[in-house]
Amino acid sequence: MMLINLLGLVLIALIVWWFWLYKPNKTIVQGNEVLIEVRDGVYSPSSIQVSASQPVTLKFMRKDQSPCAETMLIPSLEISEQLKLNEITQITLLNLSPGEHEFHCQMQMYRGVLKVV
């Protein structure tokens, strides 16, 4: 019985870390495009910094068969895209204002942020 309780606490700790405490490495885009891989429940990279003065193309490569991975939303930019399995889906963004734009799947399990500076 004690083992079950201990395993439950460990699982709760992992969930808290994954959804609220985990901070991914930031990728600063030097050119005008970035490849984002959708795999194993995450976007990689999931924190992307771009310049407000130039257009940027986000290239999503979906390698995860999960149904949750097939839709990518950027609500603040009113973008919703279907990501095809093992294909690149390109989204070109023009004239971005400085700020942060979160992107995620429809259930918000896959999450990322686009930081415009």
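Predicted model: local features only at pLDDT ≥ 70, side-chain atom pairs only at ≥ 80, totals over all residues.

Me: How many helices and strands is that?

Reply: The protein has 1 helix and 10 strands.

Me: And what does the C-alpha trace span along its principal axes?

Reply: About 60 × 30 × 25 Å.

Me: What percentage of the residues count as buried?

Reply: 33% of the 117 residues count as buried. The accessible surface is about 7,600 Å², and carbon and sulfur atoms make up 57% of that.

Me: What about contacts between residues 24 or more positions apart?

Reply: Taking the contacts with a separation of 6 or more, 55% are between residues 24 or more positions apart.

Me: Charges next. How many positive and negative side chains are there?

Reply: There are 9 positive and 10 negative ones, with the centres of the two sets 5 Å apart.

Me: OK, the core. How many residues are in the largest nonpolar one, and which have the most contacts inside it?

Reply: It has 24 residues, and Tyr-43, Leu-58, Phe-60, Met-72 and Leu-114 have the most contacts inside it. Two or more residues come from each of strands E2 (33–39), E4 (47–50), E5 (56–62), E6 (71–74), E8 (88–93) and E10 (111–116).

Me: Pick Phe-60. What does it touch, beyond residues up to four places away in sequence?

Reply: Its partners include Ile-36, Val-38, Tyr-43, Met-72, Leu-83, Ile-88, Ile-91 and Phe-103. Glu-87 and Thr-89 are also touched by Phe-60.

Me: Now His-104. Where is it, and is it buried or exposed?

Reply: His-104 sits in strand E9 (residues 99–104). It counts as buried because its relative accessible area is 9%, under the 20% cut-off.

Me: What's packed around it, ignoring the neighbours within four places in sequence?

Reply: His-104 is in contact with Tyr-43, Thr-71, Met-72, Leu-73, Pro-75, Tyr-110 and Arg-111. Tyr-43 and Met-72 also turned up among the core residues with the most contacts.

Me: Over to Val-116. Which strand is it in, and what's its relative accessible area?

Reply: Val-116 is in strand E10. Its relative accessible area is 3%, so it is buried.

Me: What does it touch, leaving out residues up to four places away?

Reply: Val-116 touches Val-50, Ser-51, Ala-52, Leu-96, Ser-97, Pro-98, Gly-99 and His-101. Ile-48 is 68 residues from Val-116 in sequence, yet their C-alpha atoms are 8.4 Å apart.

Me: Backbone check before I set anything up. Which residues does the cis peptide bond join?

Reply: Ser-44 and Pro-45, with omega about 0°. Pro-45 is in the loop between strand E3 (42–44) and E4.

Me: And Asp-40, what's phi there?

Reply: Near 55°, which is positive even though the residue isn't glycine. Asp-40 is in the loop between E2 and E3, and it counts as exposed because its relative accessibility is 65%.

Me: How about Asn-86, what's its phi?

Reply: Near 60°, again a positive value in a residue other than glycine. Asn-86 belongs to the loop between strand E7 (79–82) and E8.

Me: Why does Asn-86 count as exposed?

Reply: Its relative accessibility is 53%, and the cut-off for exposed is over 50%, so Asn-86 qualifies.

Notes. Residues numbered from 1 in each chain as written. Heavy atoms only, no water. Helix = DSSP H or I, 4+ residues; strand = E, 2+ residues; numbered from the N terminus. Buried < 20%, exposed > 50% of the residue type's maximum accessible area, 1.4 Å probe, protein only. Contact = heavy atoms within 4.5 Å. Core = buried A, V, L, I, M, F, W, Y, C linked by side-chain atoms within 4.5 Å. Areas by Shrake-Rupley, 256 points an atom, 1.4 Å probe, with all protein chains shown as cover. Lys, Arg positive; Asp, Glu negative; His and termini not counted. Charge placed at Lys NZ, Arg CZ, Asp CG, Glu CD.
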